[in-house]
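Let's walk through it together, starting with a loop and ending with the overall shape.

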Amino acid sequence: MFRYLFIIIFFPGVLFSQQRNIIYLTWDKVISVSLDRNLSLKSKMLEYDLQRLEVWRSYSNFLPSITYQALGVKNLELPTIVFMGQRFTMGTNYTFQHSMDLTFPVFTGGSRLFGLKVQTYLRKSLSEELKGKKQDAVLEALESYYGIILAESLLRSALNAVQLADSNLRQVTLFYNHGTATELDLQRARAQYYSVLPQLENASSNRLLSYQRLKMVLNIPFEDSVVVADSMAQKDFLDKFKGTDLTGYKNILIESRPELKAASHRLDASGAGEKLALAEFSPVLTFSANLLYQAYSDNDKLMWKDYIRSKAISLSIYWPLFEGGRKLIDYQEAKIRTDAAGLLRLQLQNQFSLEVEQNYYKFNEALKNLQSLEEALKQSRESLRLSNLLYSEGMTTQLDVLNAQFLYNSSRVQYLQGIYNYNVIQLMLLKSIGKLNTIWE
């Protein structure tokens, strides 16, 4: 009794370290979890927050700068002059100074405005990149989620194949013991049984890895347990886009793809960067105001009345006329960056257009294949039933049963993979046109 109490008090981790969370997931909950916990998405959010602060920094350039300065000087050696044979010491042992300076650039050639535009366009670009990253995270999570469902289905299919092979082996062994089956039939049944065992092991390993992969994508601790509520069923994610042809999908791409919008905003930022480089050629007009309190004394004990106040305002112009051509080079580099941004946007548009076309044809292919695979599964299931029935009546060979088993198992696996491909290719098509967000918004 006391031993268990001692363990509970001094070593609570021994009892509670094995506690694990159980997380129940459906496909729509996977979306919400990925949007909330995906690490790459969080990283992109931090980038966006940083850029938002850069925009506020650009706004701060329109405000005046106010500076306070306090100065205390102890003169270790005062200057001495000789005049007409007399030596004169100038100054005091201590000098104290308090000053307040205000500086405001009245005119900067538009550099503040164009700098603000650059940062604003970059913020808009990162905002679109964040939307694209959300779709990337959701697509990756749903692919992993349906990968689990596929792995579970394939494991059940492998178990079913083992059970069929085991049942067939038992039946053939019984017939062999009664002299109605040959040695060759028995060897074939054994070979069939042992050939499906590695498939079961492989399906079991893939199932475990698929769960770990989803945990990594959703940032779930590997020690937690995940329970999948859905089964491998056909989904219609493209229901809102029924009847849309390839041209329609490409038009939606140009209007909606976040990465393409981000590239357009970066092109705008590069254009504003050109104007910012041009603004460097103009003079800078600055207004300044100064409030100064000074005190001079031979000791460090001063009163406020000992200070002398002075005020000053000034208007200055700064215009570097020649700097070795550096500003001209900066402007030429800005133009090159603008041209590069334009080419990148065009390249992305062509790349995304091809991606839409590929996914569109893959979707049509997956739809037709799924219909064929469903019919093939029905036929193979019926063929297996008839083969077992005829073999039990002695009207067919055991080889026909093995062939029927192999055909049924293959058809079942292909059908499950067909459903997976059909569901995932819809998600990929939605992602390629920038409309994957329609399944959760």
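Start at Glu77, which sits in the loop between strand 2 (65-74) and strand 3 (80-83). Keep in mind that this is a predicted model. Is Glu77 buried or exposed? Its relative accessible area is 72%, and since anything over 50% counts as exposed, Glu77 is exposed. If you want a distance to check, take Thr89, 12 residues away from Glu77 along the chain: the two C-alpha atoms are 9.6 Å apart.

Now slide back to helix 4, residues 39-60. Which residues of helix 4 are buried? They are Leu41, Lys44, Tyr48, Gln51, Val55 and Ser58. Look down the axis of helix 4 and these buried residues fall within an arc of 80°, so they line one face. The spacing makes sense: an α-helix has 3.6 residues a turn, so positions three or four places apart point the same way. What do the buried residues of helix 4 pack against? Their partners are helix 3 (27-37) and helix 5 (111-177). The face turned away from that buried side carries exposed residues, namely Leu39, Leu46, Leu50, Leu53, Trp56 and Arg57.

In soluble globular proteins, nonpolar side chains tend to be buried together. Here the largest nonpolar core has 58 residues, and Leu25 and Ile439 have the most contacts inside it. Helix 10 (residues 398-432) is the top contributor to this core, giving 12 residues. Leu25 is worth a click: leaving aside neighbours within four places in sequence, its contacts include Val33, Tyr145, Leu214 and Val227. There is also a second, separate core of 17 residues, with Leu169, Val172, Phe175 and Leu200 among them.

Finally, zoom out. The chain has 10 helices and 8 strands. Its radius of gyration is 39 Å, well over the 22 Å that the globule rule gives for 441 residues, so the chain is more spread out than a compact globule. Along its principal axes, the C-alpha trace spans about 145 × 80 × 35 Å. Buried residues make up 38% of the 441. As for contacts with a separation of 6 or more, 82% of them join residues 24 or more positions apart. The chain exposes about 26,600 Å², with carbon and sulfur atoms supplying 58% of that area.

Terms used. Residues are numbered from 1 along each chain as its sequence is written. This is a predicted model: local features need pLDDT of at least 70, side-chain atom pairs count only at pLDDT 80 or more; totals for chains, interfaces and linings use all residues. Side-chain values use heavy atoms; hydrogens and water are left out. Buried means under 20% relative accessible area, exposed over 50%, partly exposed in between (1.4 Å probe, protein chains only). Helices (H or I, at least four residues) and strands (E, at least two) are DSSP runs, numbered from the N terminus. The arc is that of the directions from the helix axis to the C-beta atoms. Contact means heavy atoms within 4.5 Å. The radius of gyration is taken over C-alpha atoms; the globule rule is 2.2 Å times the number of residues to the power 0.38. Accessible areas come from the Shrake-Rupley method with a 1.4 Å probe; for residues, only the protein chains shown count as cover. A nonpolar core is a set of buried Ala, Val, Leu, Ile, Met, Phe, Trp, Tyr and Cys residues joined through side-chain atoms within 4.5 Å.
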